[in-house]
Amino acid sequence: MALADRKPDATEDRLAAMTLPEGGCIMPAREAALARLRDMGLPNRRDEYWKYTRPDTLVQADALPAALFDAGEAPMFSQFDRLKIVFVDGVFDPEASDDLMMEGVRIDRIADICCKDIHWAKDLYGVLETRGQTPVARPLAALNTAFAQDGVAIHITGKPSKPISLIYFHRSETSDAILHHVIRVEPGAEATILENGPAAARFNKCMEIDIADGGTLHHVRAQGRDHERRAVTHMFARLGTESVFKSFTLTVNGVLTRNEAVIELTGDDAVAHVAGACVGDGEFHHDDTVFITHDAVNCESRQVFKKVLRNGATGVFQGKILVKAGAQKTDGYQISQSLLLDDDSQFLAKPELEIYADDVACSHGSTSGAIDEDALFYLRSRGVPEGEATDLLTLAFLAEAVDEIEDKALAEDIVERLESWLARRR
Amino acid sequence: MLEIKNLHVKLEEEDKQILKGVDLSVEAGSVHAIMGPNGSGKSTLSYVLSGRDGYEVTDGSATLDGEDLLDLEPEERAAAGLFLAFQYPVEIPGVGNMTFLRTAVNAQRKARGQEEISAADFLKTVRERAKSLKINADMLKRPVNVGFSGGEKKRNEILQMAMLEPKMCILDETDSGLDVDAMKLVSEGVNALRDEGRGFLVITHYQRLLDHIKPDVVHIMANGRIIKSGGPELALEVEQNGYADILAEAV
Ligand SMILES: Nc1ncnc2c1ncn2[C@@H]1O[C@H](COP(=O)(O)OP(=O)(O)O)[C@@H](O)[C@H]1O
Ligand SMILES: [Mg+2]
């Protein structure tokens, strides 16, 4: 039987063991997502959008186990004053979490919304995900919307004094977690969302972000370092007039990661930046798939993705800028680069531009290269040992992505972590 | 201090002999100059001494204070006290000049079993030495050599030398691309480092630099060999008559 014909079977195989959680006011959204999913079918390796990344282990009914990893250090962002929301293997942990109260924001568990008849999140849950299903299907996001076990609805109405920190612990070797968050930023409001941790052996996470006119959201994420963990994440963002969204992701380790970012600039003068720095060693496959739609005038988007790969690691980048008719004065920038530390590693990139407006400035570039031997020798000739010199050049390579983080203290923390992780592997 | 004996070097990738028996001995406290036409092998000599890839030593030896240089990694040579001011300093985007300097100073101290320099002491020393080379705070903050003019790059090389305080300094055409003022600054920087325990090997095309940095011995290199050595007057002779006579004489 052809692989395409098997799609419904594979989808039903996965769904067989799953039941829709109690939904309350979001039940219709879950049901619609399930119907959408049945319609699309889960991805297989024939799908053009999954050409570079095999979805099998993300799709199959049972998650492959993943050993726990003791990093032997304080988790990311520990030293920052923040409001902690903790999930253990995909389940909210009220004991470990802070009181979910802070001025300028209202936070509810999705599980609690499920017993309510009305809630603002009902107008967002599954809505941006649905919009993001065209022109390219993202079935694993529909799966998430239908079956998410937990998550939070974050309503940002002011300027909370500290970041909201989503922390994902991985404690069970066989955990299979599905989390769905919705975030609404009201006009003029501003907040920072942090995310860190491996979350589970297999993690499917979806985040829908609606930023109203003049709202600002910063997002900084560090995916967990458990070597065997697998993750597929979707971030759907819709930006209103003069709103700002800046997202950065750090990925070190993890056997499989697929991060999709689907961003729509729907109001004039909006700004969206997505960046990623990843460091992969050995059995490591990391895929950044980005789709940015310009549907308003004078908007700016930036995609900055840097991958350092060695010992057979694979990096993938699929990035698209779609400029719709009428989205004049669009400023779109996209760069994806890999630093290949040996011949065994590979970087597969598919940068795309699709432009239907005439007054736009869009640029994209993708490169793959080895370490600069002249620079390496220069550093060594000054007494810097080869390993340390390679690390310096590696950090320099990643710098353009890390620089996208606006909060310098957070950026510095990430650089310091990278430094120590790189040093440990020498 | 630096002893080079019968050094033969070919390119690793090609069957091309570049150094064909170089003999040279630089004593502590002295300044030796090497002059010679383009392509005679001067830069190759400096690269081979500092350990750059791509060359194969087919015969001969090079030692620094008795230690076999050719056996060491580039960073070990640096820690042993060898320094090369590059003819073409490399630009390193993303690595701040200050970070680079501090990393280099500390790496060498570590290799010698010394304590790391304190941040305060380091800053004070860098500022002081940068100032005398007219390197401003902005240049210290910028990525290594990125966007620097030719002259700024050369001054930056001398700053590195001043911070690392090597025993044996090789300067490869540090004067090229410098105007008169920059040449003076660079020469003063070099002269400030002249010391009984330190040797210099100054590679240059022009007598001009040697007016500022007075050599004890001048060597003429041609076609991979030192063909003539003498006192400072040899540099003047080259300046006036070019290499033709000396080359003819050597054949
Ligand atoms: N990596 C290389 N590949 C090819 N030729 C080289 C290489 N390095 C040096 N050479 C050749 O070796 C000779 C000496 O070069 P070089 O040492 O740069 O001379 P100088 O510094 O005296 O001008 C030249 O003929 C040059 O072309
Ligand atoms: Mg030269």
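**Close-up views around A:Thr330**

**Figure 1. The side chain of A:Thr330 makes a polar contact with the backbone of A:Ala327.** The side chain of A:Thr330 reaches out to the backbone oxygen of A:Ala327, at 2.7 Å. Please keep in mind that this is a predicted model. A:Thr330 sits in the loop that links strand 17 (314-323) to strand 18 (331-340) of chain A.

**Figure 2. A:Thr330 is a buried loop residue.** With a relative accessible area of 2%, A:Thr330 counts as buried, because that value is under 20%. Its surroundings come next.

**Figure 3. Residues from elsewhere in the sequence touch A:Thr330.** Once neighbours within four places in sequence are set aside, the contacts of A:Thr330 include A:His294, A:Ala296 and A:Cys299.

Figure 4. Of the 426 residues in chain A, 61% are buried. Take the contacts between residues at least 6 apart in sequence: 84% of them join residues at least 24 apart.

**Figure 5. The surface and charges of chain A.** The accessible surface of chain A is about 15,800 Å², with 49% belonging to carbon and sulfur atoms. Chain A carries 46 positive and 70 negative side chains, and the centres of these two sets are 2 Å apart.

Note on methods. Residues are numbered from 1 along each chain as its sequence is written. Chains are lettered from A and ligands numbered from 1 in the order in which they are written. This is a predicted model: local features need pLDDT of at least 70, side-chain atom pairs count only at pLDDT 80 or more; totals for chains, interfaces and linings use all residues. Side-chain values use heavy atoms; hydrogens and water are left out. Helices (H or I, at least four residues) and strands (E, at least two) are DSSP runs, numbered from the N terminus. Buried means under 20% relative accessible area, exposed over 50%, partly exposed in between (1.4 Å probe, protein chains only). A polar contact is a pair of N or O atoms within 3.5 Å; within protein, one must be able to donate a hydrogen and the other to accept it, and residues adjacent in sequence count only if both atoms are side-chain atoms. Contact means heavy atoms within 4.5 Å. Accessible areas come from the Shrake-Rupley method with a 1.4 Å probe; for residues, only the protein chains shown count as cover. Lys and Arg count as positive and Asp and Glu as negative; His and the chain ends are not counted. The place of a charge is taken as NZ of Lys, CZ of Arg, CG of Asp or CD of Glu.
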